[in-house]
Amino acid sequence: MEQKLERKKIDTDVLIIGGGTAGCYAALNISRNSNLSVLIAEKANIKRSGCLAAGVNAINAYIVEGRTPQDYVDYATKDAGGIVREDLLLSAAEHFNETAEDMERLGLVILKDENGKYVARGNRNIKINGENFKPILAKAAEEAENVTVLNHINITDLLVLNNRVYGAVGFSVKEQIAYEIHAKAVLVATGGAAGLYKPNNPGFSRHKMWYPPFNTGAGYAMGILAGAEMTSFEMRFIALRCKDTIAPTGTIAQGVGAKQVNARGFVYEDKYGLTTSERVYGTVRENQLGNGPCYLKTSVIRKEQDEELLKAYLNMAPSQTLKWIESGKNPSEQDVEIQGTEPYIVGGHTASGYWVNTNRETTIHGLYAAGDVAGGCPQKYVTGALAEGEIAALDIVKKISENVFIDDAGILQEKASDIMDSYETVLNAKAGLYSVEELEEAMQKVMDEYAGGISANYQFNEKQLALAEEKIEGLQKLAEEASAGDMHELLFVYELRERLVVCKSLIAHLLARKETRWHSFNENLDYPDEDVAFEKYVNSRMEDGKIKIILRDLVKEADYEHQN
Amino acid sequence: MSIRINETHCIGCGRCTEVCPGTLIELKEKKAVMRYPKDCWGCVSCVKECPVGAIDFFLGADIGGMGSTMHVESEGDILHWKIRKPDGTDKIIDVNRKDSNRY
Ligand SMILES: Cc1cc2nc3c(=O)[nH]c(=O)nc-3n(C[C@H](O)[C@H](O)[C@H](O)COP(=O)(O)OP(=O)(O)OC[C@H]3O[C@@H](n4cnc5c(N)ncnc54)[C@H](O)[C@@H]3O)c2cc1C
Ligand code: SF4
Ligand code: SF4
């Protein structure tokens, strides 16, 4: 029987795509500062969706006593080899502490000393109980005045005309309904992209990855297709994580001070350097040299610390606690094996994402980006996502009050209707030769082997990238034919297509940075050294279906505005 | 990485189907069903949400699972995490939501 979708049209002042950290906090701040109507469209349910689902272990970006926001900027700039936007880092850093205090008022537990001061972990972190960070934030957003939450709505396309956004289109993942949403301003806050590369555990536990497998790069893809400028995709993020469970290591490394050692017990971390990418690279090299596996040396900790570590992991990555218990040995009795993950594109850790002005507006008028989807501002983490949500919110409120963005619900209805037709086409298509699952696996294999995945030790050369590009294009054609039996399968089809769009841009960026500035993150064997000619941003924009690379000079001014 | 839903305990409240960040669980004939076991992220949101402890979480054998399962019972701010080992013994760890991580 022919499947037809019910079509609903919604008007709102502000549309927020993705109710994660940045999206929820932006909604809250628009509500606090205006009477504008806000709609959050979220593919899952904001209570536990996105990065914060399981919990977080600490606030990674905080200006501790004796430090300044500029110190944070300097640290993050150095770690990224200079390819950052200092204006974005500084404006985020100036908000870190205030957003943490706001979260505490909303109910987040933050550790304090006897004088009522937050307890620092190292130079930039504070200690929290992050297990219920997301439910606390989601509740505040839900209860905020004029905020409506539409859960289980997956957005696929932006409505853009003449470089100005008018809304977006999506579908319910549970019911046979398609949505056309019109807004004066749109904030995209869909997080980064996981699942592009073959993962650490490709079998039954294929989704036991670090970054949420449900953040599939939708925000990047819809921006790329709408002609938005993107930056620094080639600064991939590879996480160093606990083997198998891919649980974060900060609690062990910074928390109890465990060092990185190889199988011979040698502390190798000093040998390769201490930047984020060098720590990954060192581990890869030690394995290549036959010195693996590598570990975080926890066997020196005190027995009393065991129970605290087991609890801390239950608050953010329970599988690691289960793993310790399954093995019958506590962290003090065995070192924790570590490994690099598959590469992700994630603007909260590295600098990949939308090219934005200082107020987080993208190159498309009225379209804002915040959190992991926004580029130029690495190591912003959870407080940075909150900060960017707030910065974007305040500018949206200001611009709408100044009538810079006006409503036009009549515009682009035809385009919206075409997009909805294409959902029905997929739902009514006959099953082809290849399933979506098979195509996804093929994509991950191509990226792994030819675009610097785990099996290639994260390295690549131009010839391999050219092959990757050709094969990804082939898979894009096959993905056009994909079919879906129900709404959830329709989601799988769109997730695959999004990932393929992101892969293609990523390959173009990897090809364009003809140097190796960050080991492992972007290790081009044809250009193994750093080159001053690439003290620039590699940006890109899609024009007539082709990706155009734009090399931009480093931004030095405190307030950056787009030229168009 | 995945979960197992105990059909006899499930009361069909639907909370797990709402909260899963991947929308992987469905309600069929008033019982929760895990539709995509291989797509589970292992975030245990569903396990924490279930009011009757009907969802067990386990590690896949490919990442070192040895047959233990884990679920949680909440009592106000206290989470009682119960890990049942294959030999039938339990390890219980209590975590208070009001306590911060020490590390
Ligand atoms: C496992 C893990 C542990 C971390 N630990 C820490 C930590 O200890 N300390 C710290 O400071 N930082 C930590 N971070 C980083 C921090 O959590 C993130 O940088 C931050 O939460 C990102 O916020 P976001 O809003 O950009 O993305 P998210 O919070 O992931 O939100 C994105 C949202 O968009 C939704 N979405 C995606 N696509 C669509 C679509 N097409 N339509 C509608 N909705 C969509 C998703 O479902 C999700 O809700 C961690 C990250 C991860 C992944
Ligand atoms: S553990 Fe998380 S991802 Fe897996 S089914 Fe439960 S809620 Fe969904
Ligand atoms: S939350 Fe528990 S009781 Fe409710 S539907 Fe899910 S498994 Fe059943």
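Trp210(A), Tyr211(A), Phe237(A), Tyr344(A) and Phe521(A) come together as one aromatic cluster in what is a predicted model. Across all chains, a search of the whole structure finds 21 aromatic pairs.

**Aromatic pairs in chain A**

- A pair of aromatic rings is described by the distance of the centres and the angle of the planes.
- Tyr72(A) and Phe96(A) make an edge-to-face pair, with 5.0 Å from centre to centre and 80° between the planes.
- Because Tyr72(A) belongs to helix H2 (residues 69-79) of chain A and Phe96(A) to helix H3 (residues 86-106) of chain A, this pair ties together parts that are 24 residues apart in sequence.
- Tyr72(A) has a relative accessible area of 2% and is buried, and Phe96(A), at 1% relative accessibility, counts as buried too.
- Tyr423(A) and Tyr494(A) also form an edge-to-face pair, in which the centres are 5.4 Å apart and the planes stand at 85°.
- This pair links distant parts of the chain, since Tyr423(A) sits in helix H12 (residues 413-428) of chain A and Tyr494(A) in helix H15 (residues 487-512) of chain A, 71 residues apart.
- The relative accessible area is 0% for Tyr423(A), which is buried, and 9% for Tyr494(A), which is likewise buried.

**Helix H9 of chain A and its cover**

- In helix H9 (residues 303-314) of chain A, the buried residues are Gln305(A), Asp306(A), Leu309(A), Leu310(A), Ala312(A), Tyr313(A) and Leu314(A).
- From chain A, the cover over these buried residues includes strand E14 (240-242), helix H6 (250-255) and helix H10 (318-327).
- From chain B, the cover includes strand E5 (69-75), strand E6 (78-84) and strand E7 (90-96).

**Fold and dimensions of chain B**

- Chain B contains 2 helices and 7 strands, and from the N terminus on these elements follow the order β-α-β-β-α-β-β-β-β.
- For 103 residues a compact globule would have a radius of gyration near 13 Å, and the 14 Å of chain B agrees with this.
- Taken along the principal axes, the C-alpha atoms of chain B fill a box of roughly 40 × 30 × 25 Å.
- Among contacts in chain B between residues at least 6 apart in sequence, 36% join residues at least 24 apart.

**Surface and charge of chain B**

- Of the 103 residues in chain B, 53% count as buried.
- Chain B exposes about 4700 Å², of which carbon and sulfur atoms supply 49%.
- Chain B carries 15 positive and 15 negative side chains, and the centres of these two sets lie 1 Å apart.

Key: Residues numbered from 1 in each chain as written. Chains lettered and ligands numbered in written order. Predicted model: local features only at pLDDT ≥ 70, side-chain atom pairs only at ≥ 80, totals over all residues. Heavy atoms only, no water. Helix = DSSP H or I, 4+ residues; strand = E, 2+ residues; numbered from the N terminus. Rg over C-alpha atoms; globule rule 2.2 N^0.38 Å. Buried < 20%, exposed > 50% of the residue type's maximum accessible area, 1.4 Å probe, protein only. Contact = heavy atoms within 4.5 Å. Areas by Shrake-Rupley, 256 points an atom, 1.4 Å probe, with all protein chains shown as cover. Lys, Arg positive; Asp, Glu negative; His and termini not counted. Charge placed at Lys NZ, Arg CZ, Asp CG, Glu CD. Phe/Tyr/Trp six-rings, centres within 6.5 Å; stacked < 30°, edge-to-face > 60°.
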